[in-house]
Amino acid sequence: MSGASTAAGYDCRVAFADTLIALARADDRIVAVCNDSVGSSNLGGFREEFPERLINVGIAEQNMVGVAAGLANAGFIPFVSAASPFLTGRAMEQIKADIVYSGANVKLCGQSPGVSYGELGPTHHSIEDLAWMRALDNLPIVVPADPEQTRAAVLWAAAFDGPVFMRIGRHRVRSVSDGRDPAWTPGRAEVLLEGDDITIVAVGTMVEVALAAAEHLGRAGVHARVLNMASIHPLDRDAIIESARITGGIVTVEEAVPRGGLGGAVAELLAVEHPTRMRLLGTHAFAPTGNVDFLFEHFSLTPEGVARAAQDLMAAT
Amino acid sequence: MDRHDPPCTTTDEITDLALRIRIGSLQTIANAGLGHVGGDFSVSDILAVLYGGILRVDPSDPQWPDRDRFIMSKGHAAASLYTALALRGFLPESELATFAGPHSRLGGHPDRSKTPGVETNTGPLGHGLPVGVGMAIGARMKGATWRTYVIVGDGEMQEGSNWEAIMYAAHRGLDNLTLLVDRNRLQQGAGTEETNALDPLDAKLRAFGWDTTVLDGHDVGTLWDVLRQPVIPGTPRAIVAETVKGKGVSFMEGLAAWHHRVPTDEQVDQAIAELTGARS
């Protein structure tokens, strides 16, 4: 885990699994619940060390989430780890009724979110999860951008008494935390780059894309401000309003449907508090066939695409 | 006998408790102008056996870690659950009059954040049993001796989530879990068998690996006996309790219309007369 902070192209799933194992060593209430997803969730090491604390219900997501609620009732701290499309889509009502409405102390960890399953197509993409989870009453939603943030979010979730949803990315990402300690604070955005011409608000895999877009813009003489909004709920209202005041236009970027996702969250806030022209970038629709890189190009989720949207917005305001 | 022990020591006392649950539910529903009296009456005897004779719980400390867990998965039978909880001491009986009113702790469906003694929020069907499976696994992992009981409505057995849970409970050998099916043969609009047939329900449960007993769900003595018998090690227990919707009231029994019809004052009086008359 220690090498994660400097290794470019590190997998957040490894940070997730390593942190969970470290937590489990220190606290016997920590258990993992999964749906045949030991491999895809990187839980092999957890199973090896704590075979009796890995509850694998098989391919049965509704039961998986219900079982987690029951384990929480019995005093455990379950981390449900499953591919995000099936965790959120298949078990939505269990998440609503058994976990969030019941206030069960369960951590819902959506693995491989967004379009990370690439060619497997829209059935396996999880682009709706942020909108669905945001609709639930006061559910903390965390989208770590790198391994350090993943680690910080998992540690926080274990200590927090209540349900949490977090996305655990499958893409290899470079570190954007830059040695910050803590790498992530609940409810707080990180200003990764100061700038006064335009603001780019990004989450997860799109944070490094936003930083690269800012470099593009810099070469054109545009000073972009970049925010990592890893906490989608609660939202860092002050950071967003302040950025809107400083730069005017705001571009949001996410590997998700912006309707109800990060884009929706920022737009809802600004519409009420500080009306601001925006561009909402994301995976707007069911994707065509293609690998992840192709899909990012298709949806303009590239440094060039984000820079272009920023310049369009500046030209329009 | 410590304060955690169930209060009834005889079948007569449990029968009396069932009568009080029925009358309390009826008055609660009539007062609120809404509820599901048919399903409350089919499940009242089962609730009386559980709260009167089986469950080790602590009304003065609802979160007592070693309590038996009980889930009313058919959350629409909230009025009978609240009445049973009140009679067991979890809430004042007078509070039943607030059922479904503004900001009442007693909502149309059970909510653990509001009502002491409720373990998980139910209402949408097919939710209670998976949660119960998680509780039973948790007890096993802790080496705890408390048991988990789940009541489901029979119509609810059409939900796939229940069969996911039934399969997994047997796989895990959860002999500390008991499923009670309120087999009243009626769902909201029609009979279960004409809608999506459940029979042979006992054979299905046995095929899934459960120790399954079919009994008369209004015969409290037999139900109490079965629940007190030793479990088969490594085998979850299912009881298919054959019941009658609206049991005990001539004009309600077996009629789908009484799923959620609200009785008039005259009907309440007649129902109470019939219920108490049958008891005396």
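Me: How many residues of chain A are in contact with chain B?
Reply: In this predicted model, 24 residues of chain A are in contact with 24 residues of chain B.

Me: Which elements of chain A give two or more residues to that side?
Reply: Helix H3 (61-73) and helix H5 (92-101) of chain A. H3(A) gives the largest share, nine residues.

Me: And by class, what is on the side of chain A that touches chain B?
Reply: There are 11 nonpolar, 10 polar and three charged residues.

Me: OK, domains. What does the assignment give for chain A?
Reply: Domain 1 (9-173) and domain 2 (190-312). Their C-alpha centres lie 25 Å apart.

Me: How many residues are in contact between domain 1 and domain 2 of chain A?
Reply: 27 residues of domain 1 are in contact with 28 residues of domain 2.

Me: Which elements give two or more residues to the domain 1 side?
Reply: Helix H6 (129-134) and strand E6 (141-142) of chain A. The largest share comes from H6(A), with four residues.

Me: What about classes on that side of domain 1?
Reply: It has 14 nonpolar, eight polar and five charged residues.

Me: Now the largest nonpolar core. How many residues does it have?
Reply: The core has 182 residues. A:Val80, A:Ile200, A:Ala202, A:Ala210 and A:Val306 have the most contacts inside it.

Me: Which element gives the most to this core?
Reply: Helix H2 (residues 37-54) of chain B, with 10 residues.

Me: Where does the core lie relative to the domains of chain A?
Reply: Domain 1 (9-173) and domain 2 (190-312) both give residues to the core, so it lies between them.

Me: Take A:Ala210. What is it in contact with, leaving aside neighbours within four places in sequence?
Reply: A:Ile200, A:Ala202, A:Val226, A:Val253 and A:Val306.

Me: Switching to the sheet in chain A. What is the strand order?
Reply: E3-E2-E4-E5-E7-E6-E12. These seven strands form an open sheet with mixed pairing.

Me: Which are the edge strands?
Reply: Strand E3 (54-56) and strand E12 (231-233) of chain A. Each pairs on one side only.

Me: Do E4 and E5 of chain A pair in the parallel or antiparallel sense?
Reply: Parallel. Strand E4 (residues 77-83) and strand E5 (residues 107-111) of chain A pair over five bridges. A:Gln111 in E5(A) is the bridge partner of A:Ala83.

Me: Which strands does helix H7 of chain A touch?
Reply: Helix H7 (residues 147-159) of chain A packs on the sheet, touching strand E2 (30-34), E4, E5, E6 and strand E7 (164-168) of chain A. The direction of H7 makes about 160° with that of E7(A).

Note on methods
Residues are numbered from 1 along each chain as its sequence is written. Chains are lettered from A and ligands numbered from 1 in the order in which they are written. This is a predicted model: local features need pLDDT of at least 70, side-chain atom pairs count only at pLDDT 80 or more; totals for chains, interfaces and linings use all residues. A nonpolar core is a set of buried Ala, Val, Leu, Ile, Met, Phe, Trp, Tyr and Cys residues joined through C-beta atoms within 7 Å. A residue is buried if 20 or more other C-beta atoms lie within 10 Å of its own, exposed if 12 or fewer, and partly exposed in between; C-beta atoms are placed from the backbone. Domain bounds come from an automatic or database domain assignment. Two residues are in contact if their C-beta atoms, placed from the backbone, lie within 7 Å. Ala, Val, Leu, Ile, Met, Phe, Trp, Tyr, Cys and Pro count as nonpolar, Asp, Glu, Lys and Arg as charged, and the others, Gly among them, as polar. Two strands pair if DSSP finds at least two bridges between them. Axes are lines fitted to C-alpha atoms, for helices over the stretch in contact, and angles run from 0 to 180 degrees between N-to-C directions.
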